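Here are my notes on the model below. Please read them with the structure open.

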Amino acid sequence: MRGFGELESVVMDQLWSLGDAATVREVFERILEARPIAYTTVLSTMDNLYRKGHLTRERVGKAHRYRTVLSHAEHSAALMRQALDTGQDREAVLTHFVGKMNDEELARLRDVLRNRPGSSPGR
Amino acid sequence: MTAAMCLLTYSLGLLAFGPAMLRGITRSGAAPRLGFSLWIVATGSVIGSWSAAAVFAAVELWRSWGQLDRELAGCLAALKLLMSGSGTALQTALTAMTGLVALALLILGIRLATLLVRRHCHTRRHVEAAHLAARGAPRGPGGALVIEAEQCSVYCLAGRPGTIVITRSALAALTTAQMAAVLAHERAHLTGRHHNVLAIAGALARILAPLPLFSLAYAEIARLTEMRADDVAARQHGRSTVVDALLALALPAGPSPAPP
């Protein structure tokens, strides 16, 4: 399923696997192992990621060496922080299946669990 | 001026008594969709009545420019006695008031638009960040993005089309049936366009913070849309499965508490 950001995700994946930094050629050759792709496509994708602020770059000879601004762990952590932030002024509107509960609510949930007909929660 | 006065009185009444009345009606959450629609209609009608009042007042002033005291005599006899000879002063005052209300509404509209645009941009950035975090991995159940994170979390973001994000821990914590129920819950949010409603309600609550009706409306609409999504998921997958999924995600992993 090719969709929005698909290629960008693949490129970031390669960069993160290559120690957070690589040239266009290095990323292009890795992707080519899995599927046909044009060098210029990879080049423009990495350029876009640079313009959006996900990558920095420095000149190495005639080419650019791109580096991720955040490691994968930092990126995911930042994402989760934003997602789980329950403040009133949360900027993106997103809905969770279950919100963060305090101890009192968890205790009440356990009561519901105990009093339910037939049982312990199956997994 | 009667129309403007009536509309303003209506809005004042709703601002004063609305919160208690509406909360009483929608508290039980028996019909969540009707419930949050009621809140939407209430808050929308307050803003609508202000706008209509300003328009009516402006039209009246324009039609009776220079003869205001005579026009008002019909319904405000006492005022006419007080104000005879001060028609101009009254006219000026009313014009100023109408102008201020119109200006306030304009500012409200601009602030609302700004907040909504900002939210939209943030959501898009979050969607993009989620795609990158997924590292191009194959989509999870229901086409959801799967990201590596220790938190058990399932959430969705508005967009065309919407995006559902699942963490790998959540995927591990739920059975197939429970996962399907959770996805149905999130999809109910997307098809019901709850994010749009919440965005507007949230923006109004922020702009009109001193008026309790709007803050309460936001909290209630958030609660009722969650109940609506739960209802949809329960109808499709059974209430028991929905509860099981909730417990699986909410309770910290570990041996389940034994019944007493």
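How accessible is A:Arg65: buried, partly exposed or exposed? A:Arg65 is partly exposed, at a relative accessible area of 29%. Buried means under 20% relative accessible area, exposed means over 50%, and partly exposed lies in between (1.4 Å probe, protein chains only).

1. Conventions. This is a predicted model: local features need pLDDT of at least 70, side-chain atom pairs count only at pLDDT 80 or more, and totals for chains, interfaces and linings use all residues. Residues are numbered from 1 along each chain as its sequence is written, chains are lettered from A and ligands numbered from 1 in the order in which they are written, and side-chain values use heavy atoms, with hydrogens and water left out.

2. Chain A overall. Chain A has five helices and four strands. Their order along the sequence is α-β-α-α-β-β-α-β-α. Helices (H or I, at least four residues) and strands (E, at least two) are DSSP runs, numbered from the N terminus. Of the 123 residues in chain A, 36% are buried. The accessible surface is about 7,300 Å², and carbon and sulfur atoms hold 49% of that. Areas come from the Shrake-Rupley method with a 1.4 Å probe; for residues, only the protein chains shown count as cover. Take the contacts in chain A between residues at least 6 apart in sequence: 42% of them join residues at least 24 apart. Contact means heavy atoms within 4.5 Å.

3. Salt bridges, chain A. A:Arg65 pairs with A:Glu26, with 3.9 Å between the closest N and O atoms. That pair links distant parts of the chain: A:Glu26 sits in helix α2 (residues 24-34) and A:Arg65 in strand β3 (residues 63-68), 39 residues apart. A:Glu26 is partly exposed too, at 34%.

4. Helix α3 of chain A. This helix (residues 39-51) has 13 residues and reaches 18 Å from its first C-alpha to its last, close to the 18 Å expected at 1.5 Å a residue. The expected span is 1.5 Å times one less than the number of residues. Buried here are A:Val42, A:Thr45, A:Met46, A:Asp47 and A:Leu49. A:Asp47 forms a salt bridge with A:Arg51, closest N and O atoms 2.9 Å apart. The two are four residues apart in α3, about one turn of the helix. A:Asp47 counts as buried at 19%, whereas A:Arg51 is exposed at 58%. Just after the helix, A:Gly53 takes a positive phi of about 95°.

5. Salt bridges involving chain B. B:Glu148 and B:Arg168 form a salt bridge at 2.6 Å between the closest N and O atoms. B:Glu148 lies in the loop between β1 (145-147) and β2 (154-157) and B:Arg168 in helix α6 (residues 168-173), so the pair ties together parts 20 residues apart in sequence. Both are partly exposed: B:Glu148 at 41%, B:Arg168 at 38%. A separate item: A:Glu8, A:Lys52 and B:Glu128 are linked in a salt-bridge network.

6. Cysteines. There are zero disulfides over all chains, a disulfide being a pair of cysteine sulfur atoms within 2.5 Å. B:Cys152 is in none; the nearest cysteine sulfur, that of B:Cys156, is 17 Å away. B:Cys152 is partly exposed, at 32%.

Technical notes: Salt bridge = Lys/Arg side-chain N within 4 Å of Asp/Glu carboxyl O.
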